[in-house]
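My notes follow in the order I made them.

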Amino acid sequence: GRVLVPYGQGRIRGLDAGELGAHGAAMDRLVALGLPVVPGLTVPAGASASLCEPGTARAAVELVEQVSGRRVGDAGRPLLLRLSAGAPTEIAGLPPDLACLGVTPDNAEALCAVIGREEALYEAWAASVRMIAEYALDVPGAPLDDALLDTPAPRARVEALLALVARHGSQPFPDDPAQQLALAARALLARWDTPRARRSRRAQRLPADLALALYVQALRIGPADHSGYGTAVSRHPETGRFSPQGSFFRGVRRSAPPPHTGEPLDRLAGGTALLEHSLLTLERHLHAPVSVDFEVRDDEIALLAASAQQRPPLRASVCLAADLAREGALGREEAVLRITPAQVQELLHPQFRLTGTEELLVRGLPASPGAAAGVIALSSERALELGADGTQVVLVAHETTPADVPGMLASAAVLTGSGGIASHAAVVARGAGRPAVCGADGLRVDRAVGTVRIGGRVLREGDAVSLDGRSGAVYAGALPVSVAGPPPDLSTLLEWADETRRLAVRVNADTAAEVDTAVALGAEGVGLCRTEHQFLGERLPLIRRVILAADPAARDEALVALERAQHEDFRALLTAVGNRPVTVRLLDAPLHEFLPAPGQALDAAEEQRAAALREANPMLGLRGVRLALLHERLYPAQAEALFAAWVDVAATGVRPALEVMVPLISLPEELAAAAAYVREAADAVAARTGVRVPYRLGTMVETPRAALLAGELAEHAEFFSFGTNDLTQLTYGFSRDDVERQVLASYQERGFLTASPFARLDPHGVGALIALAVERARSVRPGIKLGVCGEHGGDPESIAFCDGLGLDYVSCSAHRVPVARMAAAHSVL
Ligand code: PEP
Ligand code: MG
C-alpha cells in the first residue's frame, strides 16, 4: 500500500512531500483541487529501490493501466510509460526523464502510424535506450555517444543503440514493459549515485544520501492532430493581466520543451478552457503567478506539473496582488506589502532588454534611474541642436553647471565624469526624470577634436551609447529599451498604500510642468521649490546682474527685472499647485554657479568685481541667507513677487497654502533678519493690493548648528525642512560634489559604509542630529511642521527613519513620489 501510490492518494495515505517528492505532492494537490492530472503513481522516496524489482515494476504497470484505462501494447489506444525522479524540493541535477517505456521493435511501426510522425517517437526512444544501456546494462558510454553522433536519423539511432546493447550489454534490451521499467528505475537511481550527481548535491548543500521519489506516468499515444504537450504561465509578461501564455508541441514529450518554440496556445487541441480554469484555480490557491506543464490526449488536457512561477515578471505580481485583493482573497494591506518600493521604482522607469552580449564601457554612480540610448553630444549647445530635430541625445560632460540645464533637458540622458549622486547633474536629472550616470571614472572629454574616452574606448560625438541610471552601467551602441509604462494596477496598489501611510509625500519641483507631473504621480504638495533653479540658462544674467551691479542704481534696476521674472514663475507654479501646500525657498545660489567664468565678464570692471567674489569653498561661502544679508533687497524682491503672484492666483479662486523658507541658516539671528524681510514684503503687498496673504515662515535645517539650535530657531519658524544633502555634507565634512568617486568608493570597499550617506540617511550621525532638532523644536513649538527635502526624501530606508521620528512629510523628486508613497506605507505596516 505504501510502495505504489496513485496520484492524489499520498496525503490520504499519510505521506508528506519528503516521501512523495515535490512533484508527487504537487500532483496530490492538483487532484485535491479537482484539476485534471496525467494518470500516474508515486513510488515514495523510502521505497524507490523496490521499483527495480520485476514484481513491483509489473504491479506499477498494471496500476497505471488501471488508472489510465488503457493497456500497454494495445494497438487501438496505445499506452507507453514515462519514468521520472524527484526530490522534496525543486533541485538541479536530477536524472533526466525516461519516456517511451513500452516501445519494442515490433510495435514501433504501429505507434508511429497512430502519431503520424515518426521522428518524435524514435528520438524519445533513443534517449531512453541510451540511458538504460549505460546505467543499467553496463554498456560503456563512449560507443553509445559515438553511435548517437554518427547516426543522424532517429530510427537508425535506435537500431545502432540496440545493437550495442546486444553486443556489450549484461543482458539484451527487454521487450517486456515491466522489465524495461525495472531497468529504467535502476538506471535513474544509478545515475543519482554517480560522482557528478554527488558533486551537484554538495554544491547545493543537499544531504549526500538524499533519496528520490520515482514517478510512473501514463504516456497516452494519440494522433498528432489531437495530442501533444506544452507549458503555460498564467499571466502576460508585459501587461501582467491574467492571460495564459505558452506554447504547444505535437508529438511525444521527451523532456522539458525548449521555451518559445512551439505553436501558440490558441492552436491547442481541444481548446484552452480547461487550461485557463486550471491556471486560475492554481493562482487562487498558491497566491502567485503560476506555471504548468501539460499534455493533451484525444483533445483532453492533463497536467504534468504545476507550481508558483519562478521569478515571475514584476508586472504579473503587481496585477495578481491587486486581483487577489479585489476578490477578497488578500487584504489590501497584504497586497501593498507584496510590492517593494524598489519594485515600484523598477516599474516606473524604462529598462534595457539585456542579452549578456553588450559591451560595457564603464560603470559610474547610479545617479538617476531609467535607461536610455542616444548619440553622444559633448556640449549643451550640440545637445540642443540635435535634440531640436528629434534625435535622442546623451549629453556627455566632465560636469554640468546651471548653464547646462537647457541642454540636459534636450537630452535623453546625462553622463558625467565627476560629481556624485548629490551633484548638480544628478539633482537636475532626477528632477527632470532623465537617466544619469555620474562620476564615471576615467572619462576624458576632448571638445576640440570632438572625442571622449569612456572606459578603454575613444568615441566621437555622434556615436551611440546606452546608459542605465539604476546600475550606473554605460554600454556601447544603442540598446533596445522596454517602453511599456507601469500597469494600471500599480496605481490601485499605490492608492491602497495612501490609505495606510502616515507620512505625507510632497515633491521637490521648481516649475509648473514638474508640479503637474508630480501631482499625476500622487504628490500632495510641493516640499521644496528651489528658486535659484528659476534662473538657469538664459535667465542666469538676472542674478548675475544683481550680484555684480556696479552701483545702487544698476542693482535696483536688476532687482526689478528679477522681481518681474519671479512674478511670472510663481504665478505659473502656484496655479499648478492649486489648493495644496507649497514651500518656496528663497534664493540659495552658490556664487560660483552664477559668476562669469574668468575672462567671460562683460568688461574689465565686472571682471574685477567677479574676481573679488570668487571663493575657495563656494559651498561654504556666500550662499543662502548669507547672500541675502549682503544684498538686502534680494529676499524682499523675491517675497514680494511671490505674494503678488498669490494675490493674482487667489483671484481665480485657488488658494495655495504658502510656506516661505529661508536656506542655510546657522544662527538664529540670520533667521530673524530674513523673517523681517519677508514680513516687510507681505506688508508692502498688502498695502498695494489690499490683500493680506496668509503664509507660514520656516527654515531649512541643513547645518549641524541649526540642528543643535533648533529650539531657538523654532521661536522664529513655523516649520522646519531638513536639508539632508547639506546636513550630510557638513556633518561628515564630505563634499557632496566630490567625495563619492574616491573616498566613498574606498570606504564601501573596506566595509566602513554600506551605502553612500548622500543616498541613504546616516541614522547614527545625521539622523541623531535630526532627532535632536525634532525634540528641541517640539519642546518650544509643539505643533511645528517638520519635513525632509534632501535627496533622502525619496529613499525607502531613509523614509522609514523619518516616519519613525514622526515627521509630517518627505519631499522628493517627481519620479520618486510613487516610490516614497509605497515606502511610507511599508514603514507603517
Ligand atoms: C539640502 O541641502 O538637502 C537641500 C534640499 O538643499 P540643496 O540640495 O538645494 O542644497
Ligand atoms: Mg541645501
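Predicted model: local features only at pLDDT ≥ 70, side-chain atom pairs only at ≥ 80, totals over all residues.

**The annotated pair**

I started at aspartate 726, which is found in helix 26, residues 724-732. Is aspartate 726 buried or exposed? I get 25 other C-beta atoms within 10 Å, so aspartate 726 is buried. Leaving aside neighbours within four places in sequence, I find aspartate 726 in contact with Glu702 and Thr703.

I picked this spot because the UniProt annotation "binding site", from an unreviewed entry, covers Glu702 and Asp726, and a residue with 20 or more other C-beta atoms within 10 Å counts as buried. The two annotated residues are spread over 25 residues of sequence, yet they cluster in space, with a largest C-alpha distance of 5.3 Å.

Next I went to glutamate 702, in the loop between strand 29 and helix 24 (704-708). Glutamate 702 counts as buried because it has 26 C-beta neighbours inside 10 Å. Not counting residues up to four places away in sequence, glutamate 702 touches Leu664, Gly723, Asp726 and Leu727.

**The barrel**

How many strands close into the barrel? I count eight, in the order 25-26-27-28-29-30-31-32, with parallel pairing. On average, neighbouring strands of this sheet are turned by 25° against each other, direction ignored. Strand 28 (residues 657-662) and strand 29 (residues 695-701) run parallel and are joined by five bridges. I checked valine 662 too: its bridge partner in strand 29 is threonine 699. Helix 30 (residues 817-828) packs on the sheet, where it touches strand 25 (504-508) and strand 32 (809-812). The direction of helix 30 makes about 160° with that of strand 25.

**The cores**

I then looked at the largest nonpolar core, which has 172 residues. Val394, Val474, Leu493 and Val660 have the most contacts inside it. Helix 22 (residues 634-650) gives the most to this core, with eleven residues. Where does the core lie? Domain 3 (351-482) and domain 4 (501-828) both give residues to it, so it lies between them.

I followed up valine 394: beyond four places in sequence, its contacts include Gly374, Ile376, Ala412 and Leu467. Apart from this core lies another, of 93 residues, among them Ala124, Ala213, Ala302 and Leu303.

**One last residue**

Arginine 220 lies in strand 6 (residues 213-220). It counts as buried because it has 21 C-beta neighbours inside 10 Å. Leaving aside neighbours within four places in sequence, arginine 220 is in contact with Ser68, Arg70, Leu79 and Arg297.

Terms used:
Residues numbered from 1 in each chain as written. Chains lettered and ligands numbered in written order. Helix = DSSP H or I, 4+ residues; strand = E, 2+ residues; numbered from the N terminus. Buried ≥ 20, exposed ≤ 12 C-beta atoms within 10 Å, placed from the backbone. Contact = placed C-beta atoms within 7 Å. Core = buried A, V, L, I, M, F, W, Y, C linked by C-beta atoms within 7 Å. Domains from an automatic or database assignment. Pairing = 2+ DSSP bridges. Axes fitted to C-alpha atoms, helices over the stretch in contact; angles between N-to-C directions. UniProt positions renumbered as here; feature names shortened; annotations may be inferred.
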